[in-house]
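Please read the following briefing alongside the sequence and the three-dimensional structure.

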Amino acid sequence: MWKNLKSNKSLQPKRGQTAKTNSRPAKPDCRNCGACCVGPEDFGIHADLLDEDIDRLTLHYRRTHVVHSHQWYSRRFDRTMYTDRPALASKPHADGFACVAFTGRVGGPCRCKIYERRPDICRNFEPGSPECLGARKDAKIS
Ligand code: SF4
Ligand code: SF4
């Protein structure tokens with residue numbers, strides 16, 4: 001899926017997370033999921049970035065992971081799409097096309113290489129939310 005700024009996302013650590021105890025059902029474990037970090041369509045970009053998201057990245061990641069404008073063909077809309085908003089690039093992956101910062105496999109051990117510096121759109125993607133459960137369902141993760 002392409003995490004764009006119109007989506008509703010929220011914060012959740014993937015590594016070193018301290019689980020909160022409450023009466024609600026357990027949230028899905030991002031460390032064995034990755035469904036929202038990978039999608040079937042090659043957008044060339046994966047997560048839109050705000051200025052503060054770019055500021056949070058190191059110079060290395062700004063140079064290697066950020067796309068400042070991008071054009072791609074959308075199979076879904078059957079036309080060429082264009083964005084001039086900065087975004088994290090995507091890359092081919094065994095499960096489709098993944099965010100450039102994703103490593104591992106969908107539905108198995110995986111992690112975000114820039115977890116501490118991940119963009120707000122990812123911080124706001126809440127595990128267990130309808131969007132999360134939809135991504136997991138699309139990826140056939142129960
Ligand atoms: S789809 Fe949900 S559980 Fe899976 S990585 Fe994203 S937020 Fe975490
Ligand atoms: S920045 Fe990290 S959490 Fe966000 S889509 Fe990429 S791999 Fe997933």
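How many helices and strands are there in the protein? There are four helices and nine strands, where helices (H or I, at least four residues) and strands (E, at least two) are DSSP runs numbered from the N terminus. This is a predicted model, in which local features need pLDDT of at least 70 and side-chain atom pairs count only at pLDDT 80 or more, whereas totals for chains, interfaces and linings use all residues. Residues are numbered from 1 along each chain as its sequence is written, and chains are lettered from A and ligands numbered from 1 in the order in which they are written.

**Confidence**

- The mean pLDDT of the protein is 87, and 85% of its residues reach 70 or more; pLDDT is the predictor's confidence in each residue, from 0 to 100.
- Over residues 8-14 pLDDT stays under 50, and the model has 22 contacts for them beyond four places in sequence, two residues being in contact if their C-beta atoms, placed from the backbone, lie within 7 Å.
- Residues 16-21 also have pLDDT under 50, and for them the model has zero contacts beyond four places in sequence.
- Where pLDDT is low, the predicted coordinates should not be read in detail.

**Overall organisation**

- Read from the N terminus, the elements of the protein follow the order β-β-α-α-β-β-β-β-β-β-β-α-α.
- Of the 142 residues of the protein, 30% count as buried; a residue is buried if 20 or more other C-beta atoms lie within 10 Å of its own, exposed if 12 or fewer, and partly exposed in between, with C-beta atoms placed from the backbone.

**Nonpolar core**

- The largest nonpolar core has 29 residues, of which Leu88, Cys99 and Phe102 touch the most other members; such a core is a set of buried Ala, Val, Leu, Ile, Met, Phe, Trp, Tyr and Cys residues joined through C-beta atoms within 7 Å.
- At least two residues of this core are supplied by each of β2 (45-48), β6 (87-93), β7 (96-99), β9 (110-112), α3 (120-123) and α4 (130-138), and β7 gives the largest share, three residues.
- Leaving aside residues up to four places away in sequence, Phe102 touches Gly34, Cys37, Val38, Cys110 and Cys112.

**Ligand surroundings**

- Ligand 1 is surrounded by twelve residues, the closest being Pro28, Cys30, Cys33, Cys36 and Cys132, where a residue is near a molecule if its C-beta atom, placed from the backbone, lies within 6 Å of it.
- The shell around ligand 1 has nine nonpolar, two polar and one charged residues; Ala, Val, Leu, Ile, Met, Phe, Trp, Tyr, Cys and Pro count as nonpolar, Asp, Glu, Lys and Arg as charged, and the others, Gly among them, as polar.
- The residues that surround ligand 2 include Cys37, His46, Cys99, Phe102, Cys112 and Cys122, and the shell by class has nine nonpolar, one polar and two charged residues.

**Helix α4 and the segment after it**

- Cys132, Ala135 and Arg136 are buried in α4.
- Seen down the axis of α4, these buried residues fall within an arc of 100°, so they line one face of the helix; the arc is that of the directions from the helix axis to the C-beta atoms.
- On the other side of α4, Pro130 and Lys137 are exposed.
- Lys140, in the segment after α4, has a positive phi of about 60° although it is not a glycine, and it counts as exposed because it has 9 C-beta neighbours inside 10 Å.

**Individual positions in strands and loops**

- Ser90 lies in strand β6 and counts as buried, with 27 C-beta neighbours inside 10 Å.
- Beyond four places in sequence, the contacts of Ser90 include Phe43, His46, Phe97 and Cys99, while Ser90 and Val38, 52 residues apart in sequence, are 8.5 Å apart in space, C-alpha to C-alpha.
- Thr83 lies in strand β5 and is partly exposed, with 18 other C-beta atoms within 10 Å.
- Not counting residues up to four places away in sequence, Thr83 touches Ile45, Ser69 and His70.
- Asp78, in the loop between β4 (70-74) and β5 (79-83), has a positive phi near 55° and is exposed, with 7 other C-beta atoms within 10 Å.
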